Amino acid sequence: MRGAARELRPSSIHRIRIFGRMYEREQVTTAAILMTPVLIAVFMLFILPVIQVVVYSFTNMTTSKRGTFVGIENFKYLIGDTKFFKAIGNTALFACLKLIFDTGLALIIALMLDSHIPLRKFLRSTYFAPVVVPVVASSLIWIWFFDPDVGPLNMILTKLGLEPLLWLNGKGTALASILIFSVWKGIGYNVMLFLTGLQNIPDSYIEASKVDGASWWQSLIKIKLPLLRPITNFIVMIGIINTFKVFAEIDVMTPTGGPGYSTAMIVTYIYEQAFTRGKMGRACAASIILFVIIFILTQIQSRMNASKTVDYD
Amino acid sequence: MKKKNLETAVVSIDELKPSRKKYNIPVFIILTIGAVAMIFPFVWMILSSFKTTSDIYTYPPKWLPSTFNWQNYTAVFRMIPFARYYLNSIYTSVMQTFIQIALSIFGAYAIVFLDFPGRRKLTTLIRTTMFVPMVVTLIPMYLIMNKLQDTYAGIILPQVFSAFTIFLILSFFESIPRDLCDSAKLDGCGYFKIMFHVVIPNAKSSIATAAMFAFLGHWKSYTWPLIITNKEQYRTLPIGMKYLVAESSKEYQVMMAASVMAIMPVLILFIIFEKQLVKSITLTGMKS
């Protein structure tokens, strides 16, 4: 009897008290061993660089010298720099347009994919395919598409009797061209999220609304959209963060900020200051402004939606 | 009155039965046109990778190459050290994925299954890192890693941690029944043994999905490898391809051949693992 009881309760449990609570020693030591590499990574890759980016932003550090404290000189420079404002403006414009297309168009496609159609799975995959393809490789295809002389897009335009465009080479069209690429590249991700959301809505809700005589449109506005709200929030939040970080496709398609700096994004500006001109301190200041912008936008977004979330269960 | 309501209800539910419902053909047509637009660039890329220079510059444009030749593919290897870039990409992506998954398993296991002081605070700390995009810490990171410029360690190390992966794996671990671990514990297993012999085998396919996700992310990684590599021999594929645009001077057929080769591994992974990929994307979307 006693022997069986001992077997069920291993005698090796040592308990220790840390901050007034009892823990099992083996669990604590195992956790310590497992968490140490994680914490080292968090410290080296996040905590330390975040502290440094703040500190450096107040210095005139360059690639070659450590720099000295210059107060808010860098921030003053940025506020006076029209190029920086141009970059912020471009980023904001790009983010707004991309969000509208990425959310609106994705919702429409998802609603269509949610209806009763043949080959649904195959169609769904085709919309998703560009998402998984690497940015640079797919940018190369579109660089050709946009070529004013031999690109297929201009050939289609001339065939339709329209004026050919300069696309990536035109001051007015460069950003729009990248937007087209970017929507093509990214929309599938949102379509997939919306589609899952739609399919998670119990059929009984929609049927019940039909019984009550609701039209397709009414059930969309009153039932589907409110229930999709958490997903929409996620899409908008991720969308904001990602478009403010956008760099790879911009840098590949329009290497120096495009015609008349018309496609330069905030990250393009940071990159240029830091690695073309070597102004590390100034680039850090711009990084902080970028971070603050992203932070404020996501906060506004989550505040706006916190009160509106609907739960029908 | 009541009866009448019931009748209409029966009728309308009957109408909703999918077997009776006809396909929505107009929607199907619109979606097909959209799908063609989504796929067209890939078709164009593959076809064009076999074209000759004269095929490219003829008007009106040719759909099919005049002869299928592989010379563009060999031209890629002649123009740039493409094989080197390719191997660099494979090596760094695999290493990054491996370390990232190991770190994530460790962290997630400790958070889900172990009781230790500061568990909640550390979880919050890890979660907070998601709000700091890498572009913000790019410059300090560059200065920290300055000594590792043009080394594989320099490319790999800053990209081995992702809070996203930790929380993805954490959500898989949470669905493993605790009883499994408890009974292993009663059998005299230590906590490390439980992790390697109970938890990891039970989450194997989910971990594979997370690993594939991480790999796809690293395969296309651009900004960091761009700034940390100067020497050609350490460039990864995306960086090499960026320079190919300048070096090939509008020889689009060569660029397409390079793109085909860069996209291939990803496309193969996508076709094999589409289901899991879609599932975990939606899972992460739902979770938030």
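Modeller: A residue counts as buried if 20 or more other C-beta atoms lie within 10 Å of its own, as exposed if 12 or fewer do, and as partly exposed in between, with C-beta atoms placed from the backbone. What we have here is a predicted model, where local features need pLDDT of at least 70, side-chain atom pairs count only at pLDDT 80 or more, and totals for chains, interfaces and linings use all residues. Residues are numbered from 1 along each chain as its sequence is written, while chains are lettered from A and ligands numbered from 1 in the order in which they are written.

Biologist: How do the two strands of chain A run?

Modeller: Strands pair if DSSP finds at least two bridges between them. Here strand 1 (residues 15-18) and strand 2 (residues 21-24) of chain A run antiparallel, joined by four bridges. Opposite A:Arg21 of strand 2 you'll find A:Ile18. Together the two strands of chain A make a hairpin with two residues between them, and A:Phe19 in the turn has a positive phi of about 50 degrees.

Biologist: Which other residues of chain A have a positive phi although they are not glycine?

Modeller: Most residues other than glycine have a negative phi. In chain A, A:Leu119 has a positive phi of about 55 degrees, and A:Tyr261 has one of about 60 degrees. A:Leu119 sits in the loop between helix 4 (82-113) and helix 5 (120-132) of chain A. A:Tyr261 is in the loop between helix 11 (248-253) and helix 12 (266-276) of chain A.

Biologist: Why does A:Tyr261 count as partly exposed?

Modeller: Because A:Tyr261 has 19 C-beta neighbours inside 10 Å. A:Leu119 is partly exposed because its count inside 10 Å is 14.

Biologist: How do I read contacts, say for A:Val183? What does A:Val183 touch?

Modeller: Two residues are in contact if their C-beta atoms, placed from the backbone, lie within 7 Å. A:Val183 belongs to helix 8 (residues 174-200) of chain A. Leaving out residues up to four places away in sequence, A:Val183 touches A:Lys98, A:Phe101 and A:Asp102. A:Phe101 is 82 residues from A:Val183 in sequence, but their C-alpha atoms are 7.0 Å apart.

Biologist: And how many residues are in contact between the chains?

Modeller: 77 residues of chain B are in contact with 78 residues of chain A. On chain B's side, helix 15 (residues 252-287) gives the largest share, 12 residues. That side of chain B has 59 nonpolar, 13 polar and five charged residues. The classes go like this: Ala, Val, Leu, Ile, Met, Phe, Trp, Tyr, Cys and Pro are nonpolar, Asp, Glu, Lys and Arg are charged, and the others, Gly among them, are polar.

Biologist: What radius of gyration does chain A have?

Modeller: This radius is taken over C-alpha atoms, and the globule rule is 2.2 Å times the number of residues to the power 0.38. Chain A has 27 Å, whereas a compact globule of 313 residues would be near 20 Å. The C-alpha trace of chain A spans about 95 × 75 × 35 Å along its principal axes.

Biologist: Last one: what is the mean pLDDT of chain A?

Modeller: pLDDT is the predictor's confidence in each residue, from 0 to 100. The mean for chain A is 87, and 93% of its residues reach 70 or more. Residues 1-9 of chain A have pLDDT below 50, and this stretch has two contacts in the model beyond near neighbours in sequence. Where pLDDT is low, the predicted coordinates should not be read in detail.
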